[in-house]
Amino acid sequence: MPEDASAARAAAEEESAFSHPPVDPDASAPYGDHPDQVIDFYAPRTGTASAPLVVVLHGGAWRARYDRRHITPFADFLARRGFAVANVEYRRGGPDIPAQNTGGEPASAPVAGRWPETFDDVAAALDALPELAREALPSADARRMVLTGHSAGGHLALWAAARHVLPADSPWRTDRPAPLRGVVALAPIADLGLAERLEVCEGAVGQLLGGPHLSVERAPHADPALLLPTGIATTLVQGRTDRDVPYEVAESFADAAARAGEIVGVTLLEDVGHFPLIDPAADAAAVVAEEIAQLAF
């Protein structure tokens, strides 16, 4: 496809995904004191007494200007498919981040991620989630929990499922695997090394890791491609024409898993870019829901 046509299609896909009005949750619960430490809950629209719990981690290159509101139509889409949904917010990067944590980016730059707060929050949210779900959403069955995330949120989903294989000195390491049925990562930034070389999301990976002087130290604590095998069922769903996170990133993660003795599923969707995966109006979202259902039900 010619470059101009490819760019136009990607822009149209993004416009469609962001055209849906935000959907208010049925309940919300804090998991910490910071305003971004909150989880929104969506009850299954089918009236099911007990439903699998799908945990959603939104994308947006770990940057503050993208919050959980943009993925609420997708959360509602999953709820209409019979899932209980937890939409997790977490602290992202912004102009108030100290320069020593961002590789020296100027204060006005759209910095990606907070170190260590972004990871602190995801870990804390997942640890608190079963109890919060029981209180806020009685229909949610945390014993049938599937973790999903889009783009940077896909990275965080893979990372959260790998906390038990983090380095021994990692503050986020757990003694045992998370109680998950599996992970369905959507166009995830799954291999930070490759994503950085490809300059995914305008250098977001380098910013997340704090720049060259800190990335070597931090990558073993943050890169899902270095945290394998996990022993947790994992599927990546990826558009082949994704211009934001190229499909090679997903394939690189799957290759790393294979070298570690683990099979990771990769569902490549033809003629699909980055945003249809979370667009309720797109066929790709139905594929995502089916991948989740295969693990949850």
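A residue counts as exposed when its relative accessible area is over 50%, as buried when that area is under 20%, and as partly exposed in between. Aspartate 271 has a relative accessible area of 54%, so it lands in the exposed class. The model discussed here is a predicted one.

The side chain of aspartate 271 pairs up with that of arginine 9, at 3.9 Å from N to O. Arginine 9 sits in helix H1 (residues 3-17), while aspartate 271 belongs to the loop between strand E8 (265-269) and helix H9 (283-296), so this pair ties together parts that are 262 residues apart in sequence. On the accessibility side, arginine 9 is partly exposed, with a relative accessible area of 24%.

Next up is the pair formed by aspartate 36 and arginine 92, whose side chains meet in a salt bridge at 3.4 Å, N to O. Both partners are loop residues: aspartate 36 is found between strand E1 (27-30) and strand E2 (38-42), and arginine 92 between strand E4 (84-88) and H3, so the bridge links parts 56 residues apart in sequence. Arginine 92 has a relative accessibility of 7%, so it counts as buried.

Arginine 68 and aspartate 40 make another salt bridge, with an N to O distance of 2.6 Å. Here arginine 68 comes from the loop between strand E3 (51-57) and helix H2 (72-80), whereas aspartate 40 is part of strand E2, so the parts tied together are 28 residues apart in sequence. Arginine 68 and aspartate 40 are both buried. Through shared partners, salt bridges join Asp36, Asp40, Arg68, Glu89 and Arg92 into one network.

Now for the helix packing. The axes of H3 (residues 117-136) and H4 (residues 152-160) come within 11 Å and cross at roughly 60°, which makes H3 oblique to H4. The crossing of H3 past H4 is right-handed. On the H3 side, the residues involved are Thr118, Phe119, Val122, Ala123 and Leu126, and they meet His155, Leu156, Trp159 and Ala160 in H4. Sorted by class, this contact has 7 nonpolar and 2 polar residues, with no charged ones.

How many of the residues of H4 are buried? The count is 9 of the 9, so H4 is largely enclosed by the rest of the structure. Among these buried residues are His155, Leu156, Trp159 and Ala160, the H4 residues that meet H3. Ala152, Gly153, Gly154, Ala157 and Leu158 of H4 are buried too.

Arginine 181 is partly exposed, with a relative accessible area of 36%. Leaving out residues up to four places away in sequence, arginine 181 touches Arg143, Arg144, Met145, Val146, Ala233, Leu295, Ala296 and Phe297. Its C-alpha atom is separated by 7.4 Å from that of isoleucine 232, although arginine 181 and isoleucine 232 are 51 residues apart along the chain.

Alanine 5, back in helix H1, is partly exposed with a relative accessible area of 35%. Between alanine 5 and valine 55 there are 35 Å in space, C-alpha to C-alpha, for a separation of 50 residues in sequence.

Definitions and conventions. Residues numbered from 1 in each chain as written. Predicted model: local features only at pLDDT ≥ 70, side-chain atom pairs only at ≥ 80, totals over all residues. Heavy atoms only, no water. Axes fitted to C-alpha atoms, helices over the stretch in contact; angles between N-to-C directions. Helix = DSSP H or I, 4+ residues; strand = E, 2+ residues; numbered from the N terminus. Parallel < 35°, antiparallel > 145°, perpendicular 65-115°, else oblique. Left-handed = near helix turned anticlockwise from the far one by under 90°. Contact = heavy atoms within 4.5 Å. Nonpolar A, V, L, I, M, F, W, Y, C, P; charged D, E, K, R; others polar. Salt bridge = Lys/Arg side-chain N within 4 Å of Asp/Glu carboxyl O. Buried < 20%, exposed > 50% of the residue type's maximum accessible area, 1.4 Å probe, protein only.
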